[in-house]
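Please examine the model shown below with its sequence at hand. The paragraphs that follow lead from one residue to the next.

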Amino acid sequence: PNELGLAFYSRVLDALEIAGITPWVTLYHWDLPAHLHTSTNGWMNAQIVGCFTAFAQLCFERFSKRVTKWITFNEPAIF
């Protein structure tokens, strides 16, 4: 896992909590890592489902105590 990225989002959640804002987290918003896109052909390859599942599980493990509103995909009808 990208611990620096996770720490960044943890600080974002800290700031939202201080401001009294309920976070709504979108797990995928057109930001597939370039490595996954080039190495797997992105969403055209069923293998990406396992990658996304692992990512989602990591997010839930790290942030579920502070995030209760999750959105899986932004604009799913585009897929």
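A polar atom of the side chain of threonine 40 lies 2.4 Å from the backbone oxygen of leucine 36. The side chain of threonine 40 also has a polar atom 3.2 Å from the backbone nitrogen of glycine 42. A polar contact is defined as a pair of N or O atoms within 3.5 Å; within protein, one atom must be able to donate a hydrogen and the other to accept it, and residues adjacent in sequence count only if both atoms are side-chain atoms.

This is a predicted model, in which local features need pLDDT of at least 70 and side-chain atom pairs count only at pLDDT 80 or more, while totals for chains, interfaces and linings use all residues. Residues are numbered from 1 along each chain as its sequence is written, and side-chain values use heavy atoms, with hydrogens and water left out.

Where does threonine 40 lie? Threonine 40 belongs to helix α2, which covers residues 34-40. Helices (H or I, at least four residues) and strands (E, at least two) are DSSP runs, numbered from the N terminus. Threonine 40 is buried because its relative accessibility is 6%; buried means under 20% relative accessible area, exposed over 50%, and partly exposed in between (1.4 Å probe, protein chains only). When neighbours within four places in sequence are left aside, threonine 40 is in contact with Asn45, Gln47 and Ile48, where contact means heavy atoms within 4.5 Å.

Leucine 58 is a further buried residue, with a relative accessible area of 19%. It is placed in helix α3, residues 47-63. Not counting residues up to four places away in sequence, leucine 58 touches Pro1 and Leu6. Leucine 58 and leucine 6 are 52 residues apart along the chain, and their C-alpha atoms are separated by 9.6 Å.

The next topic is charge. Side chains of opposite charge can pair when their charged atoms come close. How many salt bridges does the structure hold? There are two salt bridges, a salt bridge being a side-chain nitrogen of Lys or Arg within 4 Å of a carboxyl oxygen of Asp or Glu.

One of them joins the side chains of glutamate 3 and arginine 62, at 2.9 Å from N to O. This pair links distant parts of the chain, since glutamate 3 is in helix α1 (residues 3-19) and arginine 62 in helix α3, 59 residues apart. Glutamate 3 is partly exposed, with a relative accessible area of 43%, and arginine 62 counts as partly exposed at 38% relative accessibility.

In another salt bridge, the side chains of aspartate 14 and arginine 66 meet at 2.5 Å, N to O. Here too distant parts of the chain are linked: aspartate 14 is in helix α1, and the two residues are 52 residues apart. Aspartate 14 counts as partly exposed at 33% relative accessibility, and arginine 66 is partly exposed with a relative accessible area of 28%.

Finally, the backbone angle phi deserves attention. Tryptophan 30 has a positive phi of about 60°, although it is not a glycine. Tryptophan 30 is found in the loop between β1 (24-28) and α2, and it counts as partly exposed because its relative accessibility is 44%. Glutamate 75, also a residue other than glycine, has a positive phi near 50°. Glutamate 75 is located in the segment after β2 and is partly exposed, at 43% relative accessibility.
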